[in-house]
Amino acid sequence: MTPLLCIAVAVYLEARGEGPDGMLAVADVIMERVNDSRWPDDPCSVVEQPKQFVLLALERVEVIIRAEHDAAWSMALDAARTTMAGEGLGSGATHFHWIGEHPYWTKNATMIGRMGNHLFWRINKEK
């Protein structure tokens with residue numbers, strides 16, 4: 001899969017109900033990780049890490065690609081293109097989760113903000 005598709009599929013699976021801004025925020029998290037030495041330096045490796053993003057099972061990807069006329073898929077592609085062009089939100093968020101109980105990792109993180117039903121965080125670098 002291409003980097004564009006890796007980002008777009010992850011964005012679609014994580015935030016398809018959030019609208020363009022929420023999708024862009026998720027895409028930003030992926031690119032923030034790509035640009036941070038703590039994570040792999042390519043989008044596909046970032047989104048394929050265990051327990052980080054919704055699994056990109058091949059059959060799910062094929063279904064999404066076949067649904068290319070779906071408005072949410074178009075927004076996910078736009079979000080991926082925008083962030084890959086360096087024109088994302090620039091929030092600095094490296095993590096996000098669905099609103100509710102905060103995961104354990106938020107103890108070492110700074111909340112960046114809320115977008116739709118997701119909270120966005122930056123994991124602080126160790127000193």
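A pocket here is an open set of points on a 1 Å grid over the protein atoms alone, with protein on both sides within 12 Å along at least five of seven lines, and its lining residues have an atom within 4 Å of a point. Its volume is the space filled by probe spheres set on those points, which are joined across faces, edges and corners; the probe is 1.4 Å.

This is a predicted model, where local features need pLDDT of at least 70, side-chain atom pairs count only at pLDDT 80 or more, and totals for chains, interfaces and linings use all residues. Residues are numbered from 1 along each chain as its sequence is written, and side-chain values use heavy atoms, leaving out hydrogens and water.

**View A. The largest pocket.** Here we're looking at a volume of about 230 Å³. Its lining includes Trp-39, Phe-53, Phe-96, Tyr-104 and Trp-105, along with Glu-14, Arg-33 and Lys-51. By class, that lining splits into 5 nonpolar, 2 polar and 3 charged residues (Ala, Val, Leu, Ile, Met, Phe, Trp, Tyr, Cys and Pro count as nonpolar, Asp, Glu, Lys and Arg as charged, and the others, Gly among them, as polar).

View B. Of its 13 lining residues, Asp-28, Met-31, Glu-32, Gly-88 and Gly-90 sit nearest the centre. The class tally is 3 nonpolar, 7 polar and 3 charged. Helix H2 (residues 19-34) gives the largest share of the lining, 3 residues; helices (H or I, at least four residues) and strands (E, at least two) are DSSP runs, numbered from the N terminus. With 13 of its 16 residues buried, H2 is largely enclosed by the rest of the structure (buried means under 20% relative accessible area, with a 1.4 Å probe and protein chains only).

**View C. Phe-53 meets Phe-96.** The structure has 4 aromatic pairs, meaning rings of Phe, Tyr and Trp (its six-membered ring) with centres within 6.5 Å; planes under 30 degrees apart are stacked, over 60 edge-to-face, the rest tilted. Phe-53 and Phe-96 have ring centres 6.0 Å apart and planes at 50°, so they make a tilted pair. Phe-53 is in the loop between helix H3 (43-47) and helix H4 (58-66) and Phe-96 is in strand S1 (residues 95-98), so the pair ties together parts 43 residues apart in sequence. Phe-53 is buried at 6% relative accessible area, and Phe-96 is buried at 12%.

**View D. Trp-105 against Trp-121.** These ring centres lie 6.3 Å apart with planes at 85°, so this pair is edge-to-face. Both tryptophans, Trp-105 and Trp-121, are buried.

Technical notes:
Buried means under 20% relative accessible area, exposed over 50%, partly exposed in between (1.4 Å probe, protein chains only).
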